[in-house]
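Notebook open. I am going through this structure and jotting down what I look up.

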Amino acid sequence: MLDTVFIGLSIGSILLLVALGLSIVYGSMGVINMAHGELVMMGAYTTVIAQTYLGFNLFAAIPLAFIVCAGLGLLIERLVIRRLYNRLFDTLLATWGVAILLQQAIRLEFGLSFFGIHIEGLGPGLQSVTLPEIMTESFTVGEFVIQPYRTFIILVSALLAVLTWFLMYRTRIGQQVRAIMRNPDMAAACGIDVKKVNALTFAYGAGLAGVAGVMMSGFKTVMPDMGSSLVVDGFLVVVVGGVGSLVGSIVASGILGQLNGVVAFFSNDIIARAVVFAAVIAIIIWRPRGLFNYKGR
Amino acid sequence: MKLLKNLKATIAVVAFSIPFIGQASAADEIKVGVLFSLTGGLSIVEKSLSDATLMAIDEINANGGVDGKMIKPIVEDGASDPKTFNEKASKLVIRDRVVTVFGGYTSASRKAMLPVIEKRKNLLFYPTFYEGYECSKNVIYTGSVPNQQLNNYIPYLVNKLGKKKFFIVGSNYLFPKEMAKVAKKLIEANGAEWVADEYLELGHSEWGSMVKKIKDSGADVVLSNVVGDSVISFYREYFNQGISQKDIPIASTVTSEIEVAALGGKYAAGSYTSFPYFQAIDTKENHDFIKRYRAYVNDPNAVTHVTMVAAYESVYEWAKAVEKSGKTKPLDIMEAAKGVSIDGPMGVMTVSPENLHNSMTPRIAQWQEDGQGKIVDEYDVPVQPLPYSAYGETANNLFCTASGLDSSKL
């Protein structure tokens, strides 16, 4: 039983990892970032590239992927998102376009494959990341098998959740972000530089996606399509948890992860997935704004 | 109404006779279609099939072609989408008037091309190992069918390795289910038992629960029909949950050099796969082939795998059939291909005159840390293909014969 709880916790932590960045961006800027999964994918490829060319191991790739993806996020915000504020459906389409661009950029090796140049680590193929030795050797405590890598993912997502909480509730910029979440016009009237804060928020969300990508690369296949299914899972968490609520995201990912793990244990993963979707639908009907939500906006 | 039908038929005949006038003028070349996915998710594998096919064509042309005629390949992209395969097959057959199409990787793409190929009386060479249950007279199948992968595999696992309890796991679609059907018969016939038969959706990547289930099931071997990128997360999770391949080995029917390369040899080491071809086959033909292929794709580390080699050998089989018949009409080539035998990287393959599948030599390999298979068992002689073995077909009681499928036996 403990094993099942652990698997559920692990699934939940992965959901949280993906949902965290999404939730912040959606909550503070009202932008549904369809490219979030692709930013995760970029994070994973950063790990692959860093490993191949710089000899970085997985741990060293975490800050690097954060910086790369945050930079990319900043760029996307400047070029696309900024021009589409308050146009929800347009941002939806635009970020979807960005997602496709990113996918193809990796698949076509930034266009170099047209010229017959091959960059090791990019292209349409499957890539793999080697985990450090201590992350792969599982050990048992009594009946219970401890998987170091899954435990590590749980720790990282907990750490990122705490970090995000700290940034949002204990720093000046976080206060500004929360003010913008409640009412952007009023926040602007109070002298908050909404554009700048939004740009930073988006970059932070993208950076979190990058870290998620590093984590994913350790036990999922790294390939150009890997992000598209992740973004769906991320949205489930955001929708159930309530837009912009950090606590909501944590609780929702915990619930959905455990639900998935337990149902998969008693029947199988296909039914577990169906049950998760059914639960999400039920929760949205019961509480259209999610389990936890802010008033305002 | 009948008049209209006749009229239609006449128009069709007229329309059809025009092409042959055009064909006569280009008598010094033979047009063939090469149709694999060059883009999309399946391009990872199918690009290598396309390359191998084109390489074989280049080689034959460099040696003077077939009967003095050059082979002219027309390459199309199936884009990982069955509908596109159907459209591109129509284009190749109707507009380009190719005499044969080399193509298809997934069963879905083959089924999409089939109506076009059959209706237009054309010919398809299909290179993938697949689930059987097909008896087309317009397809030469150069991949293996379940009995060729499993007939020696299950007895090996039961008798040589002493495994008695099978856990069968697969991706949720046709091929794994048909494989499981054949496997269950063989498991029971060999005096072992199967404890579970589980499926996960294609592309599933969260294997925690399933691997735990395997661990709790008491099985001592896993028969895996898991395909695609799920393979990677499956083997990794298996390793991470601390199951040793020594105690409960994964015996796969799908995992090839490609998946092992992506997965990392460490995670696959100790597991098994059954295929007619492995890169590790130690023959001169195979070593030369690997060298030529790596030079052709300009990648010194390129891996070779079973379907790719089948795609390569398809062209040679086809060329031999064309030379034998002396004609270049699709159905003449098909007729001549019956009984054609070639000796290539994977050993001797012979087209069965009855069901147009190939007899080939099953081999079992155990994966090593370096990502290569070590061949631990192989048949002495090529095994006859039985596409309906899941339904009771045996060598003495063929369901699919030269005269077609005897559906009363199903």
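How many residues does the contact take from chain B and from chain A? I count 31 from chain B and 34 from chain A, with contact meaning heavy atoms within 4.5 Å. The model is predicted, so I note that local features need pLDDT of at least 70 and side-chain atom pairs pLDDT 80 or more, while totals for chains, interfaces and linings use all residues. Residues are numbered from 1 along each chain as its sequence is written, chains are lettered from A in the order in which they are written, and side-chain values use heavy atoms, without hydrogens and water.

Next, the interface area. About 2700 Å² is buried between chain B and chain A; this is the accessible area (1.4 Å probe) that the two parts lose on being put together, summed over both. Carbon and sulfur atoms give 51% of it. On the chain B side, B:Glu206, B:Lys212 and B:Asn240 lose the most area to chain A, together 21% of what that side buries.

Then I turned to chain B itself. I find 14 helices and 17 strands (DSSP runs: H or I of at least four residues, E of at least two, numbered from the N terminus). Its radius of gyration is 22 Å, close to the 22 Å that the globule rule gives for 410 residues, so chain B is as compact as a globular protein of that length. The radius is taken over C-alpha atoms, and the rule is 2.2 Å times the number of residues to the power 0.38. The C-alpha trace spans about 65 × 50 × 40 Å along its principal axes.
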